[in-house]
Amino acid sequence: MIYLKPMGGLCNRMRSIDSLISICKQQQLDATVLWVKDFSLNCSFNDLFETPSFNEFNLRIIDCPEGYPEQFLDSSASVNLNEDGMVTVQKKTLRKIKHLLKGNFLNGEQKRILSEINKLGKKSIITNDLLTDIYILEDITVKEMDANFIPKAKAIYGPMLFDKNTIYISSCYRIYPLENPYTSFTPIESVRNKIDAATTDFQDVIGLHIRRSDHETSKAISTTERFAEIIDTELVNNPNNKFFISTDDEITKIKLVESYGDKVLSNEVSSYDRNSSEAIVDAVVDLFCLSRTNKIYGSHHSTFSQTAADLGGIQEITAR
């Protein structure tokens, strides 16, 4: 059994789960995804995607409260999973009180899984912190960074798979090469209908993913001015081109609409707050709309840009 806690935003989680699926198919190991709703993605998996099933292994995806399992572990646990490397009994008590006040009670299944993780030794656990230590950010594409990182990750988890014992992994990374580009991720019907409606008239459409908010390198390298230059160039190449824009910044969208009018296509966005489940649904719609364009100009070091391109089997070009 592999327990996976996918971390980070939408595409980081998709990449992590997609890796898990490939590993479990190859090893014929069952898996349980511990889907934690938190500030980075406050939405259930089942509100976005259908739960996939496989012939080779059993997969479960369960919702878990914020901080699970790390903040619910016993102080006597055989291994510590917490980021600070040390949780005192006092801290543990305070966290328990905090969870009780929030109503974060564990159900029977969550308690059973927690008990299993409590018993694991260090040789059966891979934390996101450990993976971060070997993931080197370079001035290259996400795909190139993955190619450098994945062999290092496999060197860590590979030996754990031989005994087919229980393993716990927390990860925001792709830890296995891309095999079947996200074919296991089917949006639920209501989300599919939004995607289909938005892309009905897609023809000669180029995707632009403009990441802003907290992504400093994207803002510094993939500037709005650079995206405008790209639009100008593509219009010279083909005056019929249109541009589907996905961005987490309303001001950027408004500026481009003011400059290029009906050449710019976009979806209505209810919110840009990842703590809003509606915002996450909007992000899934945008992701799949981008995947149906002819090619994507993406933001520097953005997994969203790369995942959209992988979904559609199209080219992703970093705007720089």
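1. First, the ground rules. This is a predicted model, so local features need pLDDT of at least 70, side-chain atom pairs count only at pLDDT 80 or more, and totals for chains, interfaces and linings use all residues. Residues are numbered from 1 along each chain as its sequence is written, and side-chain values use heavy atoms, with hydrogens and water left out.

2. Let's start with the cysteines. A search of the whole structure turns up zero disulfides, where a disulfide is a pair of cysteine sulfur atoms within 2.5 Å. Cys11 is buried, with a relative accessible area of 2%, and Cys43 is buried too, at 1%. Buried here means under 20% relative accessible area, exposed means over 50%, and partly exposed is in between (1.4 Å probe, protein chains only).

3. Next, have a look at helix H11, residues 303–312. Helices (H or I, at least four residues) and strands (E, at least two) are DSSP runs, numbered from the N terminus. Nine of the ten residues of H11 are buried, so this helix is largely enclosed by the rest of the structure. Among them are Phe304, Gln306, Asp310 and Leu311.

4. The two ends of H11 are worth a glance. At its start, a side-chain oxygen of Ser302 comes to within 3.3 Å of the backbone nitrogen of Phe304. That is a polar contact: a pair of N or O atoms within 3.5 Å, where, within protein, one must be able to donate a hydrogen and the other to accept it, and residues adjacent in sequence count only if both atoms are side-chain atoms. After the helix comes Gly313, with a positive phi near 65°.

5. Now for strand S7, residues 242–247. Five of its six residues are buried, so S7 is largely enclosed by the rest of the structure. Strand S6 (residues 205–210) pairs with S7 in the parallel sense over six bridges; two strands pair if DSSP finds at least two bridges between them. S7 also pairs in the parallel sense with strand S8 (residues 264–265), over two bridges. Follow Phe243 of S7 and you'll find it opposite Ile206, while its bridge partner in S8 is Val264. From S7 the chain crosses through helix H9 (residues 250–260) to S8, and this β-α-β crossover is right-handed. In other words, with the strands pointing away from the viewer, the path from the first strand over the helix to the second runs clockwise.

6. The peptide bond from Tyr68 to Pro69 is cis, with omega near -5°, and Pro69 sits in the loop between strand S3 (59–64) and helix H2 (89–102). Gln28 isn't a glycine, yet its phi is positive at about 55°. You'll find Gln28 in the loop between helix H1 (10–27) and strand S2 (31–36), where it counts as exposed at 58% relative accessibility. Tyr182, also not a glycine, has a positive phi of about 60°. Tyr182 belongs to the loop between strand S5 (167–171) and helix H6 (189–199), but at 1% relative accessibility it counts as buried.

7. Last stop: Thr32, in strand S2. How much relative accessible area does Thr32 have? The value is 0%, so Thr32 is buried. Leaving out residues up to four places away in sequence, Thr32 touches Met1, Ile2, Tyr3, Leu4, Arg60, Ile62 and Ile113, with contact meaning heavy atoms within 4.5 Å.
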